[in-house]
Amino acid sequence: MINYHKYLNNNRFILFVVLVSVLLLPFATDALLGRGWVRIVDFAMLYIMLALGLNIVVGYAGLLDLGYIAFFAVGAYCYALTGSPHLAAAFPLLFPDGLHLSFWIVLPLAALLAGGFGVLLGFPTLRLRGDYLAIVTLGFGEIIRIFMNNLNAPINLTNGPQGISRIDPITVAGVSLNRTQEIFGIELPSVHLYFYLFLGFAALVVFVSHRLEKSRIGRAWMAIREDEIAASAMGINTRNLKLLAFAMGAMFGGVSGTLFAGFQGFVSPESFSLMESVMVLCMVVLGGMGNIYGVILGGLMLALLPEVLRHSVVPLQQAMFGKTIIDPESLRMLLFGTALIVVMLYRPAGLWPSRVRRRELATDETEQIV
Amino acid sequence: MSNGTSFPWKRESSLLEKPRAQVGGLNGAQHLLDVKGLQVGYGGIHAVKCIDLHVAPGELVALIGSNGAGKTTTLKSLAGLLAPAAGQIYYDGKSLHAVPAHRRVSMGIALVPEGRGVFARLSVAENLLMGAYSRCDQAEINNDLARMYDLFPRLVERRNQLAGTLSGGEQQMLAMARALMSRPRLLMLDEPSMGLAPLMVKKIFETIQDVALQGMSILLVEQNARLALQVASRGYVMESGAITLSGKSSELLGSDAVQRAYLGG
């Protein structure tokens, strides 16, 4: 056990400052950069949740998963189907107006369903590792996306490539987050409300990740990652723990997906392409596999930097050359690839690797153990 | 090792053989481990062809043989990591036939895998805690942890270091300490001398001998036949999947066949 109190006391002031600045973030962003940016920050929060979920599978248990976005899709489609008028098209007699279940009922169900899909992916891949596992998971991710793309016939379940629109907005205690609300005299636009909702969920995901990392289960995952044979010689049920890692990771993805559907009000298969899986994996790897804070950093950077680029490249070129020479979209991939190579060359363990922090805490830990 | 009083199994009666171990189980056997007609294969190829061996409580038994003789395969199937094609394994009189690997650890069977298998990116302390994964008596685990640091003082200095940064000998010590953390009654060691400097090999074997003197039952797999037979009371010689010779260590050390094949004339 770690001496949390000592650690917290020393850093209580920093913690307070971080908390206040995070709470004020949407207002600052709004005032300095404009409302569009709050929306971008909201998406960054969703990506952070996804990256933390994938971190369980890849970072802790060492199972390379290239189809992770499939669980995001499962969560998103879960709410899209049950929280929109769409089901009326497929089952006009059963649901004449669609299902319109409450978000808070769908959320746990979607998380469980995504977890179930995680186990479904885990079972056939129990004996696979590394590149072989990556190929199977990649296939799984594509299968889910293609299913969503084609399940508009014979009965129109997913509306195919057009996607499902008019998804009910998320409501908290009867208050719709889709409209500007006034709380304590402060006017909170929709994107701000979603920001606080996502912040709460992200905090929950961070908390659960943190507890898992320090738990017996977390240590067992890391043992499996390091040496599977030795891990089972320690008495670890490697099969169940690997399935649990897949399920836990998938549940985080499912929760994130459900939030995404409610926030966006629209889902379509193109949001769940292989490139998204790769992006989430890059967040984990670039930030620092296995370290919660590194993963958050990676998620923030990869979600925000492309937007920064999008908003700066065109004006910059206009100012310098009087015209746009390079399209920001192509420049984005070029810079992203370069950044990836540079980070992997000079910081192969990620920008904020897990062991640095652990060493900082090491003195506290040993006092407790011996 | 110099400080004999620090051995956990000296102070703790629970680390010694439990009384029921002496009461014979099936076949009226007096053995802690009894292997009968064990066959293990990798997809059709039989790496182990019908072997019989046993380990009595408190006995140090060596299983020697050259590369590829099937020694590691035997240990792996005893630990439950490989399913046998035929034959029976009795531990403490009970058949291990349907017992999965992770349950065997809590029954008291510990394996120190070949190549040590330490968790490289976990700290030394965390590695030791993993050894006690099958236990949940937190206070006793902490006691045992302290005892392991007594037994292997080198590990104390290195307890916050990542296990992957230790030297080969230190890793072997860690792997042994980690196995002992599960409070085993049968300790199985796979090639503890592999890749170590002669001085370190000597040290490791002294520790093995000490552990055995405290009453631990040990099955030691080694390529270094002379060293293994010097510490063991009995030995089995394995050749291409079968046991060709067995007997007291002193007899094996003196036998012509062993001399020629493993001890260089």
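Colleague: Which residue stands opposite B:Tyr90 in S5(B)?

Modeller: Happy to start there; bear in mind that this is a predicted model, where local features need pLDDT of at least 70, side-chain atom pairs count only at pLDDT 80 or more, and totals for chains, interfaces and linings use all residues. Residues are numbered from 1 along each chain as its sequence is written, while chains are lettered from A and ligands numbered from 1 in the order in which they are written. Strand S4 (residues 86-91) of chain B runs antiparallel to S5(B) and is joined to it by 2 bridges. In S5(B), the residue across from B:Tyr90 is B:Ser95.

Colleague: How many helices and strands does chain B have?

Modeller: Helices (H or I, at least four residues) and strands (E, at least two) are DSSP runs, numbered from the N terminus. Buried residues (20 or more other C-beta atoms within 10 Å of their own, with exposed at 12 or fewer, partly exposed in between, and C-beta atoms placed from the backbone) make up 48% of the 265 residues in chain B. Its totals are 12 helices and 10 strands.

Colleague: In the 6-stranded sheet of chain B, which strands stand at the edges?

Modeller: This open sheet has mixed pairing and the order S6-S7-S8-S3-S9-S10. Two of its strands have a single partner each, so one side of each is left without a neighbour in the sheet. The edge strands are S6 (109-112) and S10 (242-248).

Colleague: At what angle does H9(B) run to S8(B)?

Modeller: Angles run from 0 to 180 degrees between N-to-C directions, and axes are lines fitted to C-alpha atoms, for helices over the stretch in contact. Helix H3 (residues 71-79) of chain B lies across S3, S6, S7, S8 and S9, at about 145 degrees to S7(B). Helix H9 (residues 198-213) of chain B lies across S3, S7 and S8, and its angle to S8(B) is about 155 degrees.

Colleague: Which helix supplies the largest share of the side of chain B that touches chain A?

Modeller: The contact (C-beta atoms, placed from the backbone, within 7 Å) takes 26 residues from chain B and 19 residues from chain A. Helices H4 (101-107), H5 (124-131) and H6 (138-151) of chain B each supply at least two residues of that side. The largest share, 5 residues, belongs to H5(B).

Colleague: How far apart are the axes of H3(A) and H10(A)?

Modeller: A:Phe71, A:Phe72 and A:Tyr79 are among the residues of H3(A) that meet H10(A), where the partners include A:Gly253, A:Gly254 and A:Phe260. The two helices, H3 (residues 69-82) and H10 (residues 238-264), pack at an angle of about 45 degrees, and their axes are separated by 6 Å.

Methods. Pairing = 2+ DSSP bridges. Contact = placed C-beta atoms within 7 Å.
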